[in-house]
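Work through these exercises with the model open beside you. Try each task before reading its solution.

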Amino acid sequence: MVSGMAQTARGRVIDSLAVQGTMKICIVGAGYVGLATGVMFAKLGNEVTCADIDESRVRSVSSGMLPFHEPALEKELAKAVKSGNIKATVKTVDAAKGSHAVFICVQTPSLPSGKIDIRPVKTASRAVARAIRGSDDHKLIVMKSTVVPTTTDAVVRPLLERLSGKLAGRDFSLCMNPEFLQEGSALNDSMKPSRIVIGADDKRSGYELARLYRQVKAPIVRTDIRSAEMIKYASNVFLATKITYANEIANICARLGIDSEPVLAAAGMDPRIGSLFLKPGLGFGGSCLPKDVKALRDGALREGYKPRLLTALLATNDSQPNEAIRMLEKSIGDLRGKKIAVLGLAFKGGVDDIRETRALPLVTSLLAKGALVTAFDPMAMPNFIRIMPTIRYAESAGDCLKGSDGCIVQADWPEFKRLGKKEFSSMRRPVVVDGRRCLDPRKVRASGATYLGIGYGLAER
Ligand code: UGA
């Protein structure tokens, strides 16, 4: 099928471009996904232009600096900017016009109803449509933003066609190509993906995108556009389900005086279950898992289907930060007037992202119970201060613990593992609730502190 496509007139255009070795690629949206995708294609020898409406973001990318914390990606971005393989601009239409392929990688945040906000997708689609209208070549347009199934067909395609006066599948190619990268390992996940999903409703579109990925070694899954959109949700909902299962088992274990760690480890040894994403904690946060579960639930409800599992995932996740508070109260009593140290504000260790962080409901509940909260995070503090300016912030983890009546570890930063006698013995009442099971319990206990791991804690009986 692929070689057949290469025989067609349009196929030859793409092949000759590939033979030249360099494709001009425009990435619309310079966020995590856009920059990881852009740097990956630049590293593979293509000429990449990242277009974003945010001028400060464009300035930052142009000087080889990321607007967020992702060291490995930043190093490669700096190299690509230096070699001239990546440029950034606010002129989306021009950038798209001068490119063979355009990836739409803009954000799709949650609205209060749980529905996703597709206004950025519409703005990007309009700009790309203007670029198609003004050029004679056959472009490949790729939707990479996470959108609920049917959005590409019902919103993106009509916008592209109406505003360009051209037809998808005939005058330009259109694909849906979801991403599966994790923050903290964005570049590696892009360069070595577990699979590349290519959703296309015509042969040529899928063929062109497969050609673009030809240097990336990964199984390729070809589907139609809607199925590609759904694969992204099916994947993230499963991850959220696995985490919630681990949390629920851990909560039950804690009440029975059982340590959930060996229980989940042994359960995960069954290949049908698998050991990854079985770590109990204070719930799943971040820009994707909560948003995707809510969006799929909303989409299902609109189709007249009640997704009971998705509703239960969200409810269980909402109450999970209370587990840490319950453990602390059991150990030190009423929290009114007590000084509580919260370590880790990011939605997980190693990133500065606070989107849907469990630290927000955790700190809010602590304050509602009258606790005096001091917080610390190695990277995410400036972001968290913006949403919660009133609590006290410490300069280091040690400073945060000093004089406190108890501590809750909210994010699994590796440096918290190094905390020892010096830091824990400076607490007024050394009680540590490890909300991510990321500390070394022996080290904490050796310092004279009480260690309570989530999913273990104090036995109820
Ligand atoms: C997630 C998915 O893991 C990626 O595959 C997906 O591509 C991405 O969303 C996306 O849709 O773009 P990410 O948001 O970076 O990636 O976060 P994760 O590493 O999945 O962590 C999510 C949350 O679950 C964090 O709060 C983390 O602390 C928590 N978690 C994770 C657990 O509580 N237990 C675990 O075992 C794993």
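## Exercise 1: Two helices

Helices α11 and α14 are oblique to each other, where oblique covers the angles left over once those under 35 degrees (roughly parallel), over 145 (roughly antiparallel) and 65 to 115 (roughly perpendicular) are taken out. This is a predicted model, in which local features need pLDDT of at least 70 and side-chain atom pairs count only at pLDDT 80 or more, while totals for chains, interfaces and linings use all residues. Residues are numbered from 1 along each chain as its sequence is written, and side-chain values use heavy atoms, with hydrogens and water left out.

Task: describe how α11 and α14 pack.

Step 1. Locate them. Helix α11 covers residues 225-256 and helix α14 covers residues 308-319. Helices (H or I, at least four residues) and strands (E, at least two) are DSSP runs, numbered from the N terminus.

Step 2. Two packed helices are described by the angle between their axes and the distance between the axes.

Step 3. Read the values. The two axes come within 10 Å and cross at roughly 55°. Axes are lines fitted to C-alpha atoms, for helices over the stretch in contact, and angles run from 0 to 180 degrees between N-to-C directions.

Step 4. The crossing of α11 and α14 is left-handed: the near helix is turned anticlockwise from the far one by less than a right angle.

Step 5. List the contact residues. From α11 come V237, A240, T241, T244 and E248; from α14 come L309, L310, L313 and T316. Contact means heavy atoms within 4.5 Å.

## Exercise 2: Strand β4

Task: state which way the residues of β4 point, and what the strand pairs with.

Step 1. Sort the side chains. In β4 (residues 101-104), A101 and F103 point one way, V102 and I104 the other way.

Step 2. Take one neighbour. Strand β1 (residues 24-28) runs parallel to β4 and is joined to β4 by four bridges. V28 has I104 as its bridge partner.

Step 3. Take the other pairing. β4 and β5 (residues 140-143) pair in the parallel sense over four bridges. F103 stands opposite V142.

Step 4. Follow the chain. From β4 the chain crosses through helix α7 (residues 119-133) to β5, and this β-α-β crossover is right-handed. That is, with the strands pointing away from the viewer, the path from the first strand over the helix to the second runs clockwise.

## Exercise 3: Three single residues

Task: are G199, T150 and R437 buried, partly exposed or exposed?

Step 1. G199 lies in strand β7 (residues 196-200). Its relative accessibility is 0%, so G199 counts as buried. Beyond residues up to four places away in sequence, G199 touches L174, C175, M176, T223, D224, I225 and A228.

Step 2. T150 sits in the loop between β5 and α8 (151-164). At 33% relative accessibility, T150 is partly exposed. Its phi is positive, about 95°, although T150 is not a glycine.

Step 3. R437 is in the loop between β13 and α20 (441-446). With a relative accessible area of 11%, R437 is buried. Phi of R437 is also positive, near 50°.

Terms used
Buried < 20%, exposed > 50% of the residue type's maximum accessible area, 1.4 Å probe, protein only. Pairing = 2+ DSSP bridges.
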